[in-house]
Amino acid sequence: MLTLDILICTIDDGIQRVSSMLLSPIEGVTYVVSMQYTDERFLHQIPQALRLRTDVILTFQSGRGLSRNRNNAFNASVADIILITDDDVRLARESIDCIRRVYAENTRTDIALFRLTDFDGHFFKHYPKRSMPYAEAVQEGYYVASWEMTMRGSVIKYGLQFNEKFGLGSHFLSCGEEDVFLKDAQDQRMNIRFFPITIGTTNAETTGTKFLTDVKVQRSKGATFAYCFGLSSALWRMTKEALHYFIYKGKNPFPLWWNMWKGTQYVRKWKK
């Protein structure tokens, strides 16, 4: 039987929500809870119910940065399969069985991507209708979120981690870490595949949905384009993105494009 670690990343008082996520104990399933804290007083808010669970591993990290937090959880994981979640994701026992079955039946798959719905049971973005390689899914308009991602434990044993310059809580950017992670996995010739199987529910609002109002998200978009596709392709994608919001939302495209450009330059400074 394949063992599975469910990685839950949280910060400060978010730890109080984690207990409600946990299913009844399942053989071979462990919860790795990585808690970041900005003040030691939050360490006293860990629910006793969480401490008493023998299938829960608690690990701690001072400061903030979601990619840092995920990498900290990686370091505590030893299972055959890893499932990434946040403290507002809800899973079902059947989800665990489905994930294990997918990996048992697809022995060459290193990273498997799945679907989630909002809490009303609706898909909040486009998902392909059939199983396909990740690269093909992207061509169909799919974009990844971290809580759709699972992987074999061997992926992190070979050194693949989230780039800590990307993601919520990072210095200059605030998202894009999932795309960058999968780009790094592709560069290492890992087999990444999307499966049209729903494994849970979550809050439909993500950092990326704040593109029009958050400069860091705009910079992240440009940085992600540059990292994943190179500067020439990034320029075309940035222009297309800015014009989309001008045509369909009536937004001034120039500030959007300029902030995305700043993101590309940020990447060029350190990715050479």
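At 10% relative accessibility, D12 counts as buried. The structure is a predicted model, and D12 sits in it within the loop between β1 (4-11) and β2 (29-37).

**Positive phi angles in loops**

- D12 has a positive phi of about 55°, although it is not a glycine.
- R189 likewise is a residue other than glycine with a positive phi, in this case near 60°.
- R189 belongs to the loop between α6 (177-187) and β9 (192-201), and its positive phi comes just after α6.

- Helix α6 has the buried residues E177, E178, V180, F181, L182, D184 and A185.
- An α-helix has 3.6 residues a turn, so residues three or four places apart point the same way.
- Among the buried residues of α6 are E177, V180 and D184.

- T202 is placed in the loop between β9 and α7 (215-229).
- The relative accessibility of T202 is 0%, and T202 therefore counts as buried, the cut-off being under 20%.
- Leaving aside residues up to four places away in sequence, T202 touches D88, V89, L116, T117, D118, F119, F124 and W147.
- With one of these residues, D88, the contact is also polar: the side chains of T202 and D88 make a polar contact at 3.5 Å.

**The pairing of α8 and α9**

- Helix α8 covers residues 231-249 and helix α9 covers residues 253-270; their axes come within 9 Å and cross at roughly 155°.
- Because angles over 145 degrees count as roughly antiparallel, this crossing makes α8 roughly antiparallel to α9.
- The crossing of the two helices is right-handed.
- On the α8 side, the residues that meet α9 are L231, A234, L235, M238, T239, E241, A242, Y245 and F246.
- On the α9 side, the residues in this contact are P253, L256, W257, M260, W261, T264 and R268.
- Sorted by class, the contact between α8 and α9 has 12 nonpolar residues, together with two polar and two charged ones.

Methods
Residues are numbered from 1 along each chain as its sequence is written. This is a predicted model: local features need pLDDT of at least 70, side-chain atom pairs count only at pLDDT 80 or more; totals for chains, interfaces and linings use all residues. Side-chain values use heavy atoms; hydrogens and water are left out. Axes are lines fitted to C-alpha atoms, for helices over the stretch in contact, and angles run from 0 to 180 degrees between N-to-C directions. Helices (H or I, at least four residues) and strands (E, at least two) are DSSP runs, numbered from the N terminus. Angles under 35 degrees count as roughly parallel, over 145 as roughly antiparallel, 65 to 115 as roughly perpendicular and the rest as oblique. A crossing is left-handed if the near helix is turned anticlockwise from the far one by less than a right angle, and right-handed if clockwise. Contact means heavy atoms within 4.5 Å. Ala, Val, Leu, Ile, Met, Phe, Trp, Tyr, Cys and Pro count as nonpolar, Asp, Glu, Lys and Arg as charged, and the others, Gly among them, as polar. Buried means under 20% relative accessible area, exposed over 50%, partly exposed in between (1.4 Å probe, protein chains only). A polar contact is a pair of N or O atoms within 3.5 Å; within protein, one must be able to donate a hydrogen and the other to accept it, and residues adjacent in sequence count only if both atoms are side-chain atoms.
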